[in-house]
Amino acid sequence: MYCLAAAVHYRAVQKWNTMNKVPFISKEKAEQLASVYPTPWHIYDEAGIRANAKAVKEAFAWNKGFREYFAVKATPNPSIMDLFRDYDFGFDCSSMTELMLAKAVGASGEHIMFSANETPAEEYAYAAKLGAIINLDDITHIPFITKILDGKLPETMCCRYNPGGVFTMSNGIMDNPGDAKYGFTKDQLFEGYRQLKELGVKHFGIHAFIASNTVSNDYYPILAGQLFELAAEISRKLDIHFSFINLSGGVGVPYTPCPMTSTRSEKASAANMKRSWSPRVWMMSLFIQRWAALCWLPMVPWSPEPSMRSTSTRNISV
C-alpha cells in the first residue's frame, strides 16, 4: 500500500474533502500520542482500512470468484495483513520474507500469489511448500523451477505477460512495458504454456503488470479485455485450461482534488469491467473459469469526496 509520498506505510492516512486534505487524526491527538510514545511511529486508520476493504469487495461482488491480493511489499506489517484476512483477501508476495509473513497470519494455498524477479531456488521451493500460486517471470524459469521441484510442478501455475511497446489509452500514454525487464513475450507465452502442460500442469493463469498508480477508471477494463482475448487464443490453440486472469497495476494516489481520483473509482472500474467484459465473458466462458485482479486498494473510508489511495491486490472469477 502506497500512501503519502513514496512511503510503504500508511503513516498519516488521509482523506480528501472537496478542497483540502483532512487527516483522520487531529493535531491534538497526535501530540498526545507523541507525548506517550517516542517518535517516529506510524498511525494506521483501522476503520478506514476496513471500510475500504469492504467497499472494494462489494464493488466486485458481481464476480463470484473475485479476490483481492494485498501487496505485502507495500506494508509488511502482520497486524495490517491480519485485518485483510477478515475480508478473505489473499497476499501478493515477492520474497521469502513476504511469504513467511503471509504464512504467519494464516495464509496458504490460493490465498498466496508469488511473483518475483531473479528468484532464488529456496524461495520457489518455499512458495511451492505453502501451496502458493507461482507466477513465473521469465520463460527460463520453467527449467529452473522444474529442477528445484524435482520435476513435480504444482497443478496450477501462472505466467507474467509483457506485450512490449507502449500501453496507451484514450487519454494518452499510460506506461512503457517495452522497457520492463520482466515478463513473457506473446510467442514465449505459447511456448511456456506448452512446456508447462507437458510437465504436468493442469490449470493455468495469466498475469500482466502494464502500468501502475493509474488514476483512470479505464485501465483495468482495457487490460482485462486484452488478457481475456489472449487467454482464449492460447486456450484454443494449446487445449489448456485457464482458471484465472490476474490483473496488476494500481489505483493511483490523487495528490490533488480531482473528479477522476475519487473514492468512487473502484466502483466505477468494477462497473466498467462488468459492462465492457460481458461480451468477452460469454464468448470465452468455455475457456476461462475464473479471473483475478492485482490492484491497489484505497485505504480511507468510502465517501463522495476524493480520497487518498493505497495499494493492494484482488482476484475475480467468471
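**Entry 1. Aromatic rings.** I record here that the model is a predicted one. I then consulted the count of aromatic pairs, which is ten for the structure. One of them is formed by Tyr193 and Phe242, in an edge-to-face arrangement with 5.2 Å centre to centre and 80° between the planes. I located Tyr193 in helix H7 (residues 186-198) and Phe242 in strand S11 (residues 241-248), so this pair ties together parts that are 49 residues apart in sequence. I checked the accessibility of Tyr193 and Phe242 and found both buried.

**Entry 2. Nonpolar core.** I turned to the largest nonpolar core, which has 59 residues. Phe91, Leu136, Leu189, Tyr193, Leu196, Ile206 and Ile234 are the members that touch the most others. I noted that helix H8 (residues 219-238) gives the most to this core, namely ten residues.

**Entry 3. Leu136.** I listed the contacts of Leu136, leaving aside its neighbours within four places in sequence. The partners are Tyr124, His141, Ile142, Ile145, Met157, Cys158, Cys159, Arg160, Phe184 and Leu196.

**Entry 4. Glu110.** I placed Glu110 in the loop between helix H4 (96-104) and strand S5 (112-115). Is Glu110 buried, partly exposed or exposed? I classed Glu110 as partly exposed because its relative accessibility is 39%, and the partly exposed class lies between under 20% for buried and over 50% for exposed. I also looked up the C-alpha separation of Glu110 and Ile133, which is 5.9 Å, with the two residues 23 apart along the chain.

Conventions
Residues numbered from 1 in each chain as written. Predicted model: local features only at pLDDT ≥ 70, side-chain atom pairs only at ≥ 80, totals over all residues. Heavy atoms only, no water. Core = buried A, V, L, I, M, F, W, Y, C linked by side-chain atoms within 4.5 Å. Buried < 20%, exposed > 50% of the residue type's maximum accessible area, 1.4 Å probe, protein only. Helix = DSSP H or I, 4+ residues; strand = E, 2+ residues; numbered from the N terminus. Contact = heavy atoms within 4.5 Å. Phe/Tyr/Trp six-rings, centres within 6.5 Å; stacked < 30°, edge-to-face > 60°.
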